[in-house]
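Biologist: I have a model open and I'd like to learn how to read it. Could you walk me through it, one feature at a time?

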Amino acid sequence: MRGHCLCGEVRYAASGPAGDMWYCHCASCARASGVGFGTWIEATGVHWEAGTHRRVRIAGAGPLVRSFCANCASQLPAERRDGSAALLPAGGLDDVGGLRPAWHAHVAGRGSWMPAMASLPCHPGSRHAASTPAVSRLEPAAPLAVSSTVTGHCLCGAVRYEIGARLYAMRACHCSRCRRRSGSSYLVALACAASGLTFLSGAASIRRWQLPEAARYLVTFCGECGASVPSVIGDVAFITAGSLDADPGVRTRCHIYFGSRAGWIDAEDDLPHFDERPPHDFRW
Ligand SMILES: [Zn+2]
Ligand SMILES: [Zn+2]
Ligand SMILES: [Zn+2]
């Protein structure tokens, strides 16, 4: 299996037979992916084919050494600290063959506002630490009253922000760019007036990368950890849901660019699914 980051500088291939594929809802995968969960495939090792000088390794306290592209912030393969395996970000791969996710890990940490996900065995922690695996479809919780102030931060905590404006337009974007950037299944983002966004700390760590062929595809991220932080395009701020600290009170309204979805996606929820953008009169 081969993969690369969104800007194309970092390229890699997996060696050995592909192992399991699963979703991880731990706090680190939530922020590192930007979407709220990681979608991983275990492999025995990874061969870096190009762009290793762009690869930034983050050795946090967890069992993984994660990495991201310093240029475009795409998630790159992680390695188990004990060297026993590499974890490939499924969204970064060109093709996963017939692999499908088999379980949800750390489901206790899943954001209550995330879109519904497939019925698979759910483990409160890691699969091996599970006591009684349950099989259930993961549904979003009923919306709370919208709180007046919403906060969020990047994976390392350097960049912190606050939003004091109405949040809207929460959607799951299945385009190939969002998938490759997150390394996961899609990207969940929401919007607010740019004037309502305040960075509380870490402004000096913020980096931006503009997709050359798309005037409005901007990736804004923490240069220390690679995690997404809000992007400002014109007078609108776009916030990746994985960076939120708590329930924002709004819920995913639709799936966009669903025609480009990953082969393993199960999104048979009641939301509208648009092959590309929603119609202009779509009520957010
Ligand atoms: Zn890159
Ligand atoms: Zn995780
Ligand atoms: Zn950070």
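Biologist: Which domains does the domain assignment give for the protein chain?

Modeller: Before that, some ground rules: this is a predicted model, where local features need pLDDT of at least 70 and side-chain atom pairs count only at pLDDT 80 or more, while totals for chains, interfaces and linings use all residues. Residues are numbered from 1 along each chain as its sequence is written, chains are lettered from A and ligands numbered from 1 in the order in which they are written, and side-chain values use heavy atoms, with hydrogens and water left out. Now the domains: the assignment gives domain 1 (2–138) and domain 2 (150–260). Such bounds come from an automatic or database domain assignment.

Biologist: How far apart do the C-alpha centres of the two domains lie?

Modeller: They are 19 Å apart. As for touching, 37 residues of domain 1 are in contact with 39 residues of domain 2, where contact means heavy atoms within 4.5 Å.

Biologist: How do I read the size of an interface?

Modeller: The size is often given as the accessible area lost when the parts come together. Here the area buried between domain 1 and domain 2 is about 2800 Å², and carbon and sulfur atoms give 59% of that. The figure uses a 1.4 Å probe and is summed over both parts. On the domain 1 side, Leu6, Arg31 and Trp113 lose the most area to domain 2, together 32% of what that side buries.

Biologist: How many residue pairs in polar contact does the rule find across that interface?

Modeller: The rule finds 14, both residues of a pair being at pLDDT 80 or more. A polar contact is a pair of N or O atoms within 3.5 Å; within protein, one must be able to donate a hydrogen and the other to accept it, and residues adjacent in sequence count only if both atoms are side-chain atoms. On the domain 1 side, strand S1 (2–4), helix H1 (27–33), strand S4 (38–43) and strand S7 (64–69) each supply at least two residues that touch domain 2. H1 gives the most, with five residues. Helices (H or I, at least four residues) and strands (E, at least two) are DSSP runs, numbered from the N terminus.

Biologist: What about charged pairs?

Modeller: Side chains of opposite charge can pair when their charged atoms come close. The rule for a salt bridge is a side-chain nitrogen of Lys or Arg within 4 Å of a carboxyl oxygen of Asp or Glu. A search of the whole structure finds eight, and across the interface of domain 1 and domain 2 there are two.

Biologist: How far apart are the closest N and O atoms of Arg180 and Asp94?

Modeller: They are 3.0 Å apart, in a salt bridge. Asp94 sits in the loop between strand S9 (86–89) and strand S10 (104–105), and Arg180 in helix H2 (residues 176–182), so this pair ties together parts that are 86 residues apart in sequence.

Biologist: Are those two buried or exposed?

Modeller: Asp94 is partly exposed at 46% relative accessible area, while Arg180 is buried at 14%. Buried means under 20% relative accessible area, exposed over 50%, and partly exposed in between (1.4 Å probe, protein chains only).

Biologist: Which residues do salt bridges with shared partners join into one network?

Modeller: Arg55, Arg57 and Glu79. Glu79 pairs with Arg55, the closest N and O atoms being 3.0 Å apart. Glu79 is in strand S8 (residues 75–80) and Arg55 in strand S6 (residues 55–59), so the pair ties together parts 24 residues apart in sequence. Glu79 also meets Arg57 in a salt bridge (3.4 Å, N to O). Glu79 is partly exposed, at 23%, whereas Arg55 is buried, at 17%.

Biologist: And cysteines?

Modeller: A disulfide is a covalent bond between the sulfur atoms of two cysteines. The cut-off here is a pair of cysteine sulfur atoms within 2.5 Å, and the count comes to zero.

Conventions: Buried area = accessible area lost by both parts, 1.4 Å probe.
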